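Subject: Structure handover

Dear colleague,

Please find the structure below, with the sequence. Notes on what was found in it follow.

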Amino acid sequence: MPNQMISGFRQKILNWINPWVELPIFGLDISDLSVKYIKFRRGSPGEIEFFGELILPPGLIENGEIKKEDELGRVLASWLSGDGRKLRRYFAAVSLPEERGFLRVLRLPKMKKEEVGNAVHWEIEANVPLKLEEAIYDYDILHSAESDADHIDVVLTAFPKNFVESYVRVLKSSGLRLAALELEAQAVARASIPDFQDAQAKIIVDIGRARSGAAIFAGGGVIFTSTVEVGGKIFEEEISRELGVNPSEAAQIK
């Protein structure tokens, strides 16, 4: 059988199998003051099936770091037994706040894709202030317009191991089924950029409840992030003060 016929037959099989083997996933964003979730409808790109938000008591999470694991776990478990119970049927892809992570662009000699992981492994301690055994990391190979380049650019994302494990413990104790953890800006980029392989540079601004993040996206990956402690809550407070309206009216004006 000609190779192109084999390839075409294999693709047909994969197209038929994929809908059955894909995990039913929803996106979960945990911030200092809220938990937000969204589920896209399978087979309909960009169509939202449902979304919502849970307001958290202050002090459970500060600057992205979980301060009260047991209490946060109980709050989430109670929510998942009530208003958020439908989420138990799905797996959660959870975003991690970039202020606790490290993102670096590494320039490596040109090599095979299967060799990149080992090369990144040896670059970690030279590029982030973490020992290898204290880090959990991942990487993306950036797309280059220069086909004859003598190097490859790789985005390294690393988090302290104890920080990631704290999130995993809370999520598991609450009853959520975890599918993936990733940098918050990467999740936002994939959700908001139609062509994720586009090499053109873009800036993405994510305004949250307590803080806002900006990310530069280029070559198919996030290459820079920055966070400021200004978010929707401050906007509402300023609107309320300047216009003399109550907090709920200020939220509607915002």
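A residue counts as buried when its relative accessible area is under 20%, as exposed when over 50%, and as partly exposed in between, using a 1.4 Å probe and protein chains only. By that rule S31 is buried, with a relative accessibility of 10%.

This is a predicted model, in which local features need pLDDT of at least 70 and side-chain atom pairs count only at pLDDT 80 or more, while totals for chains, interfaces and linings use all residues. Residues are numbered from 1 along each chain as its sequence is written, and side-chain values use heavy atoms, with hydrogens and water left out.

Two loop residues

S31 sits in the loop between β1 and β2 (34-40); helices (H or I, at least four residues) and strands (E, at least two) are DSSP runs numbered from the N terminus. Apart from neighbours within four places in sequence, S31 has contacts with K36, L56, I61 and R211, where contact means heavy atoms within 4.5 Å.

N63 lies in the loop between β4 (61-62) and β5 (65-66). N63 is not a glycine, yet its phi is positive, at about 50°. With a relative accessible area of 42%, N63 is partly exposed.

The sheet

Five strands form an open sheet in the order β3-β2-β1-β6-β10, with mixed pairing; two strands pair if DSSP finds at least two bridges between them. The edges are β3 (48-55) and β10 (177-183), and each has a single partner strand, so one side of each has no neighbour in the sheet. On average, neighbouring strands of this sheet are turned by 20° against each other, direction ignored.

Strand β6 (residues 91-96) runs parallel to β10 and is joined to it by six bridges. L96 has L183 in β10 as its bridge partner.

The helices

Helix α4 (residues 161-174) packs on the sheet and touches β1 (25-30), β6 and β10, with its direction at about 150° to that of β10. Axes are lines fitted to C-alpha atoms, for helices over the stretch in contact, and angles run from 0 to 180 degrees between N-to-C directions. Helix α5 (residues 184-192) lies across β1, β6 and β10, at about 95° to β10.

Helix α2 (residues 69-81) and α4 have axes that come within 8 Å and cross at roughly 35°. In α2, the residues E69, L72, G73, L76, A77 and L80 meet S166, R169, V170, S173 and S174 of α4.

Regards
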